[in-house]
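Thank you for asking for a second pair of eyes on this entry. Please have the sequence and the coordinates open while reading, as the points below refer to both.

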Amino acid sequence: MRRRLFLVFLPSFYASLGFANEAVWNCEQSKDSKEWVCVGEAKPAGKTDETQAATQPAPVEEAQPPVGPEPVQAARPAVPERVEETEPVLAKPVEDLESAATDVVENETPVVVDPEDKRRLVVKRPVVIDPNEPVPVDLETTKTVSVAKAQRRPGWSCAPGEENQNWSCKLEGNDPKGQAQIVATDETKPGLLLDPAFDWQQEQIFTTLHSQLKYDPWENCMVDTPVSPTFVPEKHLRETSPLEVRSDYSELFDTEISSYFGNVQINRADQHILSDMANYDTVSETLDLQGDVYYSEDELALYSDTAVLNLATDQGRLRDTMFIAPAAPIRGRAQVVYRDSKTLSRYKEVAYTSCRPGNQDWVVHASELKLNDITGQGSARNAWLEFKGTPVFYSPYLSFPIDDRRLSGFLAPSFGNTQRGGFNVSVPYYWNIAPNYDATLRPRYLSKRGILLGGEFRYLTKMTEGKLNLEFMPDDRLRDQSRYFAKILNSTRFTPHISSYLDLSYVSDKDYFNDLGNALSLTNLSYLHSQANVSYVNQGVSFINRVENYQAIDKAIRPQNRPYRRLPQSILNLNHSFGFMPLDAAMNTEYVNFQHDHLVNGQRINVKPSVSFPLETAGAFLRPKFSLQHTQYLLSKQETRNLGQPDSISRTLPIASVDGGLFFEREFDFGENSFRHTIEPRLFYLYIPKDDQDDIPLFDTSLYDFNFSSLFRENRFSGNDRVQDANQITAALTSRLVDSETGRERLRFDIGEIFYFRDREVGLCGSYYSPLCTINRPLETSRFSNLVSELNVRLTDHLSVDSGLQWSPDVNDIVRGDVMLHYINYPGEMINIGYRYRKNTVVTFPDRRNDIIQSDVSFHWPIYNNWYAVGRWQYSLLNNATRESFFGFEKENCCWRFRVIGRRWVNTAVLNVFGDTAISNVDFANLDPEGESQTGVFFQIELKGLTGVGEKLDEFFEENIYGYRKPTK
């Protein structure tokens with residue numbers, strides 16, 4: 001007999017299997033009025049079978065066999081039991097029971113009464129609820145439902161008569177024979193051209209299949225980081241596990257064929273089968289299942305009317321099948337499923353989607369579908385896609401991959417629109433040339449300019465990987481010329497210690513990216529950087545030899561202000577720590593040849609040996625260090641600028657520093673949390689004698705931006721063309737608040753200042769021209785640097801504040817300040833509000849053109865029903881102008897994403913002359929007024945588990961919105 005243990009696996013079937021809520025209705029048709037009268041009694045929920053049998057009233061002996069619905073049988077229904085709610089009504093006295101049986105009130109459901117039962121009775125009205133529809137509460141509204149519509153639904157439909165208010169019942173289609181059913185509706189959502197791919201009965205079956213899975217595949221469908229299912233797979237136990245069968249009764253023929261009837265349960269390892277009837281041939285190991293077949297395993301759950309399975313060969317045939325594959329996850333239906341082998345399966349009249357049960361926003365239909373696990377390929381015939389009930393795509397034949405293996409074919413198209421290029425569309429084609437070679441062809445059409453041919457070639461060998469990008473426009477209609485772009489990336493590892501890297505780029509003209517770019521993947525580039533290097537890295541030794549070049553693509557940069565080319569640059573670094581004593585030795589050497597078309601050229605050799613004596617304990621550290629830096633220059637092409645300057649220049653400087661600090665900490669409790677508070681004072685002394693360096697050109701040297709980390713640098717200049725003169729000490733203090741349980745830093749406060757013991761006479765500018773020295777800079781004579789402070793606070797797990805402030809004692813004013821408030825609550829709630837202020841104290845203008853006063857707001861926030869508002873706004877409070885902005889919407893659920901934004905951006909460097917860069921660097925004569933700003937509209941749609949169309953807005957959001965994470969699935 002069937003065990004109650006089955007209820008643990010399928011709790012949703014508990015009521016529908018005959019253990020509760022069995023209702024018996026007796027219906028008679030009046031000979032005179034030809035109308036139906038139904039009486040009966042519903043079992044009280046929660047009573048046992050024995051109790052129900054004791055309290056069940058005896059049937060009326062005079063009643064004729066009903067022509068209407070038959071009594072409820074014990075057979076398991078094909079769909080889960082309907083949800084029934086009962087509304088209690090005050091019981092009538094016993095003497096009024098007979099009148100209550102015939103007194104039918106208008107707009108009420110039939111009252112269940114047995115006239116032979118004289119016991120006290122509580123009358124209830126059964127209310128049937130469809131989980132997909134709102135519960136009706138207005139009886140008048142319920143009455144207006146068309147009887148004709150109700151009669152078109154499968155099964156019995158009853159409605160009150162118009163004259164004597166007796167019930168009128170009619171049968172549509174097959175007799176459900178008492179099976180529980182959910183009230184359906186013929187009303188369709190407005191705007192849908194097609195009927196739903198899965199009707200309400202099929203959706204209920206999907207819900208049942210969903211409940212049979214060991215985990216919910218859609219549980220984390222909107223989480224950025226995939227979460228692995230928490231269950232132990234048992235697929236590997238099939239060969240060693242016995243086949244366990246349970247049923248209401250069984251028959252055995254010749255010890256070879258066994259038949260099972262009534263609530264059949266079959267279990268083996270991870271495989272579980274439920275059906276009404278099963279025949280098993282032990283010789284051929286063939287299993288024939290009939291009647292509401294439910295099958296589930298680790299990687300699949302399905303329902304079918306009939307199924308024939310060969311357990312030995314994993315072959316089978318199923319009809320009218322519905323399935324859920326949780327790994328994808330996808331769900332669907334097929335008229336016939338043929339399992340030809342363990343690796344090949346075929347489907348007829350199939351429809352599937354990745355949406356969770358109850359949602360079918362997109363569905364793919366196909367007349368035939370084949371899946372081959374060996375080749376990793378699938379194919380479909382007469383395939384078409386519907387989205388939101390509207391057909392959007394058709395193809396007589398489709399081929400697609402079913403795993404991570406590559407397959408040649410067309411990729412999803414992309415669309416966009418820009419002011420300079422107009423509307424553009426691209427349909428990429430992927431070509432799987434070989435296991436280690438492939439190519440993607442990206443032809444693109446721009447309505448204002450013409451056809452752009454583009455492509456990417458990738459290769460991979462045992463030592464090398466790389467890719468080649470090419471774009472070519474044969475004829476730009478607006479420029480009447482051809483245009484092109486090329487880029488190659490290559491990385492090779494010859495040995496574990498020797499490798500090479502190649503990154504070369506070249507473009508036909510400076511306006512290429514402004515005119516033909518997609519305006520999302522490229523930022524405001526001023527130069528295309530190209531380099532190639534070979535390096536050796538081992539313990540204590542590193543060597544790199546490189547060449548570098550810059551192609552200017554910003555017309556605002558004058559030719560003489562372009563960077564130097566390094567042809568070549570060789571760097572050798574050596575370091576060693578001695579184990580028998582606290583002594584570290586290092587040697588940094590460099591040779592570089594600088595080339596420029598409009599400035600002086602030169603070769604530079606730099607050698608810098610150093611020794612340090614690190615002394616460290618748990619609560620303190622002291623690091624004395626001594627270095628000697630020697631630099632030699634060999635100059636050429638001086639006739640272009642400075643006549644009479646020497647061609648050979650050398651410089652040798654000693655550098656001495658001492659860095660020390662203390663570390664104090666204590667534990668304390670605040671509320672229910674435990675924290676560790678630290679106080680870390682630090683002193684850094686630096687001494688470098690003065691050396692006149694005005695006769696040394698500036699090849700690759702500029703000033704570092706001043707912040708808290710600058711307080712502990714040995715040189716305030718980047719590069720080796722300048723070495724500062726210094727006799728100074730830095731005093732700083734750091735305090736932290738650390739969560740003792742998690743180790744997370746809740747608060748960090750830094751404050752520090754440099755105290756100078758003499759003037760800084762070594763400046764950036766000298767005898768040679770440099771784009772950084774078009775304005776005379778005053779000698780630095782102040783005794784104090786800016787007082788620098790930084791405060792980072794993690795107020796909660798979601799709310800944090802990052803801020804910084806610099807106060808200048810020379811002007812007795814705040815010269816720099818920034819604050820940024822971050823609220824991040826994954827997966828989709830994030831707001832960033834920031835303010836930045838910078839006052840230029842090196843050179844000032846009446847209109848403060850080199851100052852920065854800017855606000856920055858970015859957000860990604862839910863607004864309604866999985867719709868998100870997304871945007872960023874950078875605004876210059878000084879110029880009362882928007883610097884960068886975009887705004888749009890994102891919609892996401894478990895089966896699709898949609899993004900659309902409108903963007904306004906500036907793609908020249910005309911106004912980007914902040915800090916130490918002088919306004920005279922800009923060549924205003926060559927500016928294109930129309931190129932200063934552009935607007936565009938971009939969108940992206942992704943059907944999860946299928947494909948995507950449009951620009952890669954997720955990557956754009958990740959770069960521009962702090963805290964945004966690109967979805968990984």
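1. Residues are numbered from 1 along each chain as its sequence is written, and side-chain values use heavy atoms, with hydrogens and water left out.

2. On confidence, the chain averages a pLDDT (the predictor's confidence in each residue, from 0 to 100) of 78, and 74% of the residues score at least 70. Over residues 39-151 the pLDDT stays under 50, and the model has 156 contacts (heavy atoms within 4.5 Å) for them beyond four places in sequence. Residues 908-931 also stay under 50 in pLDDT, with 49 contacts beyond four places in sequence. Where pLDDT is low, the predicted coordinates should not be read in detail.

3. Strands here are DSSP runs (E, at least two residues), numbered from the N terminus, and two strands pair if DSSP finds at least two bridges between them. Strand β11 (residues 286-297) pairs in the antiparallel sense with strand β12 (residues 300-310) over ten bridges, and a hairpin joins β11 to β12 through two residues. Within this pairing, Q290 has T306 of β12 as its bridge partner.

4. On to the next pairing of β12: with strand β13 (residues 315-325), β12 pairs in the antiparallel sense over eight bridges, and the bridge partner of Y303 in β13 is M322. The hairpin of β12 and β13 has four residues between the strands, and D314 in the turn has a positive phi of about 60°.

5. Strand β29 (residues 527-538) and strand β30 (residues 541-552) run antiparallel and are joined by twelve bridges, with S542 in β30 as the bridge partner of V537. Two residues lie between the strands of this hairpin, where G540 takes a positive phi near 85°. Strand β30 also pairs in the antiparallel sense with strand β31 (residues 565-578), over seven bridges, and there S542 stands opposite N573.

6. Which residues touch the most other members of the largest nonpolar core? In this core (a set of buried Ala, Val, Leu, Ile, Met, Phe, Trp, Tyr and Cys residues joined through side-chain atoms within 4.5 Å), which has 34 residues, they are I266, I273, L287, L289, Y347 and W362. Strand β16 gives the most to this core, with five residues. Leaving aside neighbours within four places in sequence, the contacts of I266 include L243, V245, I273, A278, L287 and L289, as well as E244, Q271 and H272. Another core, of 17 residues, lies apart from it, and among its members are A197, W218, A301 and Y303.

7. A search of the whole structure finds two disulfides (pairs of cysteine sulfur atoms within 2.5 Å). One is formed by C355 and C895, whose sulfur atoms are 2.3 Å apart, and this link is right-handed, with 80° about the S-S bond. C355 lies in the loop between β15 (344-353) and β16 (362-372), and C895 in the loop between β47 (881-892) and β48 (896-905), so the pair ties together parts that are 540 residues apart in sequence. Both C355 and C895 are buried, where buried means under 20% relative accessible area, exposed over 50%, and partly exposed in between (1.4 Å probe, protein chains only).

8. The other disulfide joins C765 to C773, with 2.4 Å from S to S. Its torsion about the S-S bond is about -100°, so the disulfide of C765 and C773 is left-handed. C765 is partly exposed because its relative accessible area is 23%, while C773 counts as buried because its value is 16%.

9. H822 lies in strand β43 (residues 813-825) and counts as buried because its relative accessibility is 5%. A polar contact (a pair of N or O atoms within 3.5 Å; within protein, one must be able to donate a hydrogen and the other to accept it, and residues adjacent in sequence count only if both atoms are side-chain atoms) of 3.5 Å joins the side chains of H822 and D802. Not counting residues up to four places away in sequence, H822 touches H798, L799, S800, D802, I831, N832 and Y962.

10. D276 has its place in strand β10 (residues 271-281) and is partly exposed, since its relative accessible area is 27%.
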